[in-house]
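Here is a short tour of one model, taken a region at a time. Have the viewer open and follow along.

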Amino acid sequence: DSHEAQARFDLATAQEIAAASDLEVRQQALQSLIGKDPGPLAAPRPGVQISPPAPNRLTDWLSAAETQSLNVQIQQTLAEIASREVDKQRAGHYPTVDLVANQGQAKAFAAGGLVDNDFRNIGVQVNIPLFQGGLTSSRQREAAANRSAALSGLEAARRNASLATRQYYVGVNNGLAQINALKAALTSSQSALESNKLGYEVGVRINIDVLNAENQVYVTRRDLAKATFETLMAQLRLKAAVGSLSEDDLGQINALLEAPRSE
């Protein structure tokens, strides 16, 4: 029993070192992102309640993603520009009508001396393009190809937005179910720990039984914290996927966190 307990302690120590190293790397990445030392990070408040997505229907989120997603809006604009470029290049085959006017003064020497001539002209000029070596047709085909590429990019953006929205919507709902299950598991694990401690005191349990029960409590606490953070992040990513993430949403998440403890 003593050797087994020592082995588990050594394993836990190694895992703690690895976790501390990973935490330091992530803190450095966060510092590079925000440009300052992040300091201690806040944890969720005890007993925090996370609300389900509103509206709680996947079809509503998918519909919003296909029209309001930032990437979809960008690709929509690019597709409109490409379509107008096709119309512009097609117009190179059309006749053009220009209104032409000019005014001037000319002086000339004649038999009677210097003669001044003032003139004003106004007219309509019609240009009919016949053949330009295929330049206009080539530009039109290029514009049409660019429009097809832009439309393909738009469709891809819509599919990606729908996929991300579906993924994060399911992640939020599954995360909420997982949180509830882990809360119940934590209560059961704590009861099991107390029972094993009592059994150890009366001689029907050994110390390894107590260590196993205590390990289960801490593993459940870790999984519950991880599920809570992942669900909160899924909520933010869901709103980002449909282009509705705002500062108010971040404020609502911050309200669920307790003040960070100084290290």
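## Residue classes and the model

Ala, Val, Leu, Ile, Met, Phe, Trp, Tyr, Cys and Pro count as nonpolar, Asp, Glu, Lys and Arg as charged, and the others, Gly among them, as polar. The model is predicted, with local features needing pLDDT of at least 70 and side-chain atom pairs counting only at pLDDT 80 or more, while totals for chains, interfaces and linings use all residues. Residues are numbered from 1 along each chain as its sequence is written, and side-chain values use heavy atoms, leaving out hydrogens and water.

## The second largest pocket

By class, nine nonpolar, four polar and two charged residues line the second largest pocket. (A pocket is an open set of points on a 1 Å grid over the protein atoms alone, where a 1.4 Å probe fits, with protein on both sides within 12 Å along at least five of seven lines; lining residues have an atom within 4 Å of a point.) Its space comes to about 270 Å³, a volume being the space filled by probe spheres set on the points.

Of the 15 lining residues, S51, Q235, K239, Q252 and I253 lie nearest the centre. The elements giving two or more residues to this lining are α5 and α6, and α5 has the largest share, with four residues. Helices here are DSSP runs (H or I, at least four residues), numbered from the N terminus.

## Where α5 meets α6

Let's look at this helix pair. The axes of α5 (residues 207–241) and α6 (residues 247–255) come within 11 Å and cross at roughly 175°; axes are lines fitted to C-alpha atoms over the stretch in contact, with angles from 0 to 180 degrees between N-to-C directions. The two helices are therefore roughly antiparallel, a term for angles over 145 degrees.

L232, Q235, L236 and K239 of α5 make the contact with D249, L250, Q252 and I253 of α6, where contact means heavy atoms within 4.5 Å. By class, this contact has four nonpolar, two polar and two charged residues.

S162 lies in helix α4 and is buried, at 14% relative accessible area. Beyond its neighbours within four places in sequence, S162 contacts L62, A65 and E66. N174 is also found in α4 (residues 135–202), but is partly exposed at 48% relative accessibility. (Buried means under 20%, exposed over 50%, and partly exposed in between, with a 1.4 Å probe and protein chains only.) The C-alpha atoms of N174 and A227 are separated by 9.6 Å, at 53 residues apart along the chain.

Finally, P55 sits in the loop between α1 (2–34) and α2 (58–68). The peptide bond from A54 to P55 is cis, with omega near 0°.

Definitions and conventions: Parallel < 35°, antiparallel > 145°, perpendicular 65-115°, else oblique.
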